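Hello,

I am handing over the structure we spoke about. Please look through it before reading on; my notes come after it.

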Amino acid sequence: EPSVPRVVRAGDRFVAGATVTPSAAALVGGGGAAQPLRVSVVAHVDCNTLELLSPRERVVLLDAPGPRRVEWVFEARQVGAGALKFSVAAAAAGGGDAGLIDARQLVLPSLRPQEAVFVATSFAIAPRGDDAFAPAAKHAEGLALPAAVGGTGTLTLSAGVGRQPAIDALAATLLTADGCGAYAAVQAFRVDWRARAPAPVPSSPSSSTSA
């Protein structure tokens, strides 16, 4: 039976293992005499997310009924879901295993060391007008990014006319926050802002008259 933490965080070093429990019949040899059972317990890991710091094989001598815990030291290398597998086989006299007895596999989540941090900026770009040959508007913007685990960040760019993209980006960020109060407040803000926004005025061809 596997015995592992529910979750770990990137950078954590932890101990996990499996409990091996022999049956009473497995400890009885020929003629009804007691005979210890020698088993090989092997840990398999997903090397992309988890790293095994101990020797992968443990040879255990089971000489009495009851659970026997076998442990290894692991390290969470990055954020993601890591696969862990423990297999138990009868150990051969000359080394290796003489036949698989049991195996269990599970997925261990590896979380970020901290909660997500949001960094944002907004800016306006003036249109180039009716001159089709005018140079396109350019803008350079810099962000000071916080320290983070590699592969955990995302970049979202929203563009549009007016201030609508900035409002939608802020609302989308707040809507993902915990708590029903934040969700209700943002929904009310979005409805109120759209109700107050002036309606666009349709354009019409220009005309002139002379007397």
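The notes below cover pockets and then salt bridges.

Please keep in mind that this is a predicted model.

Pockets

The largest pocket has a volume of about 1800 Å³. Its lining is made up of 41 residues. If you want to find the middle of this pocket, go to Val119, Ala120, Leu143, Leu155 and Thr156, which are the lining residues nearest its centre. Sorted by class, the lining of the largest pocket holds 23 nonpolar residues, 14 polar ones and four charged ones.

The second largest pocket holds about 240 Å³ of space. It is lined by 19 residues, and those nearest its centre are Val20, Thr21, Val88, Ile101 and Asp102. Which strands supply at least two residues each to this lining? They are strand S3 (13–20), strand S4 (37–45), strand S8 (80–91) and strand S9 (97–111). S9 gives the most, with four residues. By class, the lining of the second largest pocket consists of twelve nonpolar, four polar and three charged residues.

Salt bridges

The count of salt bridges comes to three.

One of them joins the side chains of Arg13 and Glu75, with N and O 3.4 Å apart. This pair links distant parts of the chain: Arg13 sits in strand S3 and Glu75 in strand S7 (residues 68–76), 62 residues apart. Are the two partners buried or exposed? Arg13 has a relative accessibility of 59%, so it counts as exposed, the cut-off being over 50%. Glu75, at 21%, is partly exposed; buried would require under 20%.

Another salt bridge is formed by Asp63 and Arg68, whose closest N and O atoms are 3.8 Å apart. Asp63 is exposed, with 52% relative accessibility, while Arg68 is partly exposed at 32%.

There is also a salt bridge between the side chains of Glu71 and Arg69, at 2.4 Å from N to O. Both ends of this pair fall in the partly exposed class: Glu71 has a relative accessible area of 38%, and Arg69 one of 39%.

Regards

Notes. Residues numbered from 1 in each chain as written. Predicted model: local features only at pLDDT ≥ 70, side-chain atom pairs only at ≥ 80, totals over all residues. Heavy atoms only, no water. 1 Å grid on protein atoms, 1.4 Å probe; cavity = no way out; pocket = protein on both sides within 12 Å on 5 of 7 lines; lining within 4 Å. Points joined across faces, edges and corners; volume = space filled by probe spheres on them. Nonpolar A, V, L, I, M, F, W, Y, C, P; charged D, E, K, R; others polar. Salt bridge = Lys/Arg side-chain N within 4 Å of Asp/Glu carboxyl O. Buried < 20%, exposed > 50% of the residue type's maximum accessible area, 1.4 Å probe, protein only.
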